[in-house]
Amino acid sequence: MNSQSALPRARFRSRAVAGLTALLLPLAALVGLATPAQAATSATATYTKASDWGSGFEGKWTVKNTGTTSLSSWTVEWDFPAGTAVTSGWDADITGAANHWTAKNKTWNGTLAPGATVTFGFNGTGTGAPTGCKLNGGSCDGGPSVPGDNPPSAPGTPAASEITNTSVKLSWTAATDDKGVKNYDVLRDGAKVATVTGTTYTNTGLTAGTDYSYTVQARDTADQTGPVSGARAVRTTGGDTGPGPGPGSKVKLGYFTEWGVYGRNYHVKNLDTSGSAAKITHINYAFGNVTGGKCTVGDSYADYEKAYTADQSVDGVADTWDQPLRGSFNQLRKLKAKYPHIKVLWSFGGWTWSGGFGQAVQNPAAFAQSCYDLVEDPRWADVFDGIDLDWEYPNACGLTCDTSGPASFKNMMQAMRAKFGANNLVTAATTADASAGGKIDKVDYAGAAQYMDWFNVMTYDFFGAFAAQGPTAPHSPLTSYPGIPQAGFNSAEAIAKFKAQGVPANKLLLGIGFYGRGWTGVTQATPGGTATGAAPGTYEPGIEDYKVLKNTCPPTGTIAGTSYAKCGSNWWSYDTPATITSKMAWANQQSLGGAFFWDFTGDTANGELVTAINSGLG
């Protein structure tokens with residue numbers, strides 16, 4: 001989410017979605033398929049469209065050994081119509097020629113005992129369905145026909161009614177099938193909780209004041225499952241909200257950077273003197289490191305060693321040489337004493353330190369234990385109310401590339417919740433790349449949502465002078481607009497894609513940048529112009545704080561819900577109190593959980609951007 005430059009004691013924000021890298025199938029590298037080890041009459045293969053986001057989809061095949069002896073290998077073949085294709089896959093080697101696709105087992109999942117199943121999946125583009133299915137050269141349904149029995153359609157998105165503290169009634173429109181629907185699986189937060197023959201179900205035994213997400217999928221008479229329905233978010237009534245905001249309230253969260261205490265001379269006391277502390281609900285302290293499979297301290301001097309004088313301290317009391325805790329951690333403790341409503345999370349990772357997550361998630365429980373031991377260290381356990389994981393990006397590329405798979409993020413968050421428990425916050429910063437087959441599509445965020453309090457969706461840094469010649473474009477557009485350089489790079493489409501995955505709206509926070517991104521060598525006043533490079537910035541080329549830009553390069557226009565400015569040959573885009581107010585109104589209309597921003601140091605001395613967020617969210 002946030003980069004760390006080579007400048008001593010100064011780390012800055014880097015782009016959140018640049019470097020978009022498609023996960024391409026190594027078609028040319030794959031060798032010919034081995035001869036099937038057993039006839040298809042002893043096995044079946046069934047297809048399910050697991051999710052569909054309009055421009056693409058996720059498909060899954062399940063191979064089942066229905067015979068009496070083990071299978072030593074399997075090969076599934078099918079045809080797609082023109083315009084439909086596989087773009088990436090997992091748990092099988094998938095190759096394509098023209099419209100014909102072949103998937104062969106990996107070395108570790110080819111053997112199937114009698115009655116055993118194995119599933120592999122892929123992401124695809126287009127709207128077509130597979131036909132002509134063959135398994136090990138024979139019919140996928142184990143009989144003479146090709147392609148066999150079709151799976152049922154998706155049921156309608158369930159409706160929720162009669163919601164109480166502990167129960168909810170769900171109802172949905174029926175699915176269709178060429179040979180008849182037998183029953184329906186009801187899934188809560190991705191896990192099956194019931195199988196029913198009708199189109200209604202009442203889920204009991206729930207927890208008061210808790211968020212749930214429900215989907216339904218049909219089973220036909222051959223016990224094939226079809227695609228899941230759309231997701232229905234439900235919050236039970238009553239309950240204690242624990243460390244989060246109360247019912248109906250909004251999260252108003254800001255990042256405090258540990259390196260800001262150096263060259264930027266921004267300290268915890270500034271949150272008080274600016275008036276911001278009274279207007280926020282949460283602080284993310286950035287960053288702890290992720291290395292060696294563990295959470296580790298990022299900067300011990302800034303975190304808990306630096307001594308503060310009386311005039312620098314939140315409460316006007318100087319640190320002593322022998323006190324057990326100093327630095328920003330002690331100042332946060334003092335801030336919380338003055339503003340008891342504020343909750344603080346320790347954020348780990350960021351743009352520079354995300355490379356360690358891939359190793360860490362190989363053992364999620366051990367990783368969670370290390371993070372818990374650090375956050376709950378007796379020296380500062382009272383300072384923190386939870387943990388935030390800023391992984392840029394799971395199963396995709398940021399400063400480094402990760403190939404841990406679409407389930408790794410969910411597994412990490414599940415382990416964190418299991419360790420930190422219900423009384424601590426567990427959150428994460430996430431990509432806002434809503435392009436087809438982009439970073440949102442590569443991760444099971446809906447599966448992770450059941451373990452998380454909220455997602456900080458990084459709806460900024462879509463465009464900037466990392467593309468040195470332009471075209472110029474606002475780095476945090478709320479919506480798309482004619483001529484936008486990349487489809488799917490805007491806040492509205494990112495939020496919509498998370499919702500479509502099944503993430504509840506009230507677990508999504510809209511991101512705001514307290515800085516601008518800019519180019520130089522620009523002659524065109526409106527977006528879309530060419531440039532010669534990054535505009536000069538105080539700490540990093542192409543980036544400047546709002547508090548500077550509002551005076552040196554005031555806005556000359558607005559587009560897609562944000563501002564831009566042309567001054568001389570420099571062109572900047574950034575949010576202002578007016579555009580933030582409009583974005584907060586949009587967030588409320590979308591029933592989002594609130595907003596967050598990067599970071600406090602970009603605001604004015606009187607906190608006018610924080611004020612706009614607070615007033616806009618209500």
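Nine bridges join strand E1 to E2 (residues 56-65), and the two run antiparallel. Strands here are DSSP runs of type E with at least two residues, helices are H or I runs of at least four, and both are numbered from the N terminus. Two strands pair if DSSP finds at least two bridges between them.

Before going further, a word on conventions. Residues are numbered from 1 along each chain as its sequence is written, and side-chain values use heavy atoms, with hydrogens and water left out. Since the model is predicted, local features need pLDDT of at least 70 and side-chain atom pairs count only at pLDDT 80 or more, while totals for chains, interfaces and linings use all residues.

Now back to E1 and E2. They belong to an open sheet of four strands, in the order E1-E2-E7-E4, with antiparallel pairing. Strand E1 (43-52) and strand E4 (85-90) stand at the edges with a single partner strand each, so one side of each has no neighbour in the sheet. From one strand to the next, the twist averages 30°; axes are lines fitted to C-alpha atoms, for helices over the stretch in contact, and angles run from 0 to 180 degrees between N-to-C directions. Strands of a sheet pair through backbone hydrogen bonds, either parallel or antiparallel.

There is also a charge over a ring to look at: the charged end of Lys49 sits over the ring of Phe57, 5.1 Å from its centre. The criterion is NZ of Lys or CZ of Arg within 6 Å of the ring centre and within 35 degrees of the ring normal. Lys419 lies over the face of Tyr372 too, at 5.0 Å from the ring centre.

Another open sheet of four strands has the order E13-E12-E15-E16, with antiparallel pairing. E13 and strand E16 (232-235) are at the edges, each with a single partner strand, so one side of each is left without a neighbour in the sheet. The twist averages 30° from one strand to the next. Within this sheet, strand E12 (residues 181-188) and strand E13 (residues 191-196) pair over five bridges in the antiparallel sense, and Asp185 has Thr195 in E13 as its bridge partner. The hairpin of E12 and E13 has two residues between the strands, and Asp189 takes a positive phi near 55° there. Strand E15 (residues 211-220) is joined to E16 by four bridges, running antiparallel, and Ser213 has Ala233 in E16 as its bridge partner.

Turn next to the aromatic rings. The structure holds 45 aromatic pairs. Rings of Phe, Tyr and Trp (its six-membered ring) pair if their centres lie within 6.5 Å; planes under 30 degrees apart count as stacked, over 60 as edge-to-face and the rest as tilted. One of the pairs is Tyr262 with Tyr301, stacked at 6.4 Å centre to centre with 20° between the planes. Tyr262 lies in the loop between strand E17 (251-257) and helix H1 (268-273), and Tyr301 in helix H2 (residues 300-305), 39 residues apart. Tyr262 counts as buried at 18% relative accessibility, whereas Tyr301 is partly exposed at 36%. Buried means under 20% relative accessible area, exposed over 50%, and partly exposed in between (1.4 Å probe, protein chains only).

Phe287 and Trp598 have ring centres 5.9 Å apart and planes at 15°, so this pair is stacked. Phe287 is in strand E18 (residues 282-291) and Trp598 in strand E31 (residues 594-598), 311 residues apart. Phe287 is buried with a relative accessible area of 0%, and Trp598 is buried with 2%.

Ring pairs also link a cluster whose members include Phe256, Tyr285 and Phe329. Phe256 is found in strand E17 and counts as buried at 1% relative accessibility. Phe256 and Tyr285 are 29 residues apart in sequence and 5.0 Å apart in space, C-alpha to C-alpha. Leaving aside neighbours within four places in sequence, the contacts of Phe256 (heavy atoms within 4.5 Å) include Tyr266, Leu271, Tyr285, Ser328 and Phe600.

Ser328 and Phe329 lead us to helix H3, where both are buried. H3 (residues 327-338) has twelve residues and reaches 17 Å from its first C-alpha to its last, close to the 16 Å expected at 1.5 Å a residue; the expected span is 1.5 Å times one less than the number of residues. Nine of the twelve residues are buried, leaving H3 mostly covered. Among the elements covering the buried residues of H3 are E17, H1, E18, H2 and strand E20 (343-349).
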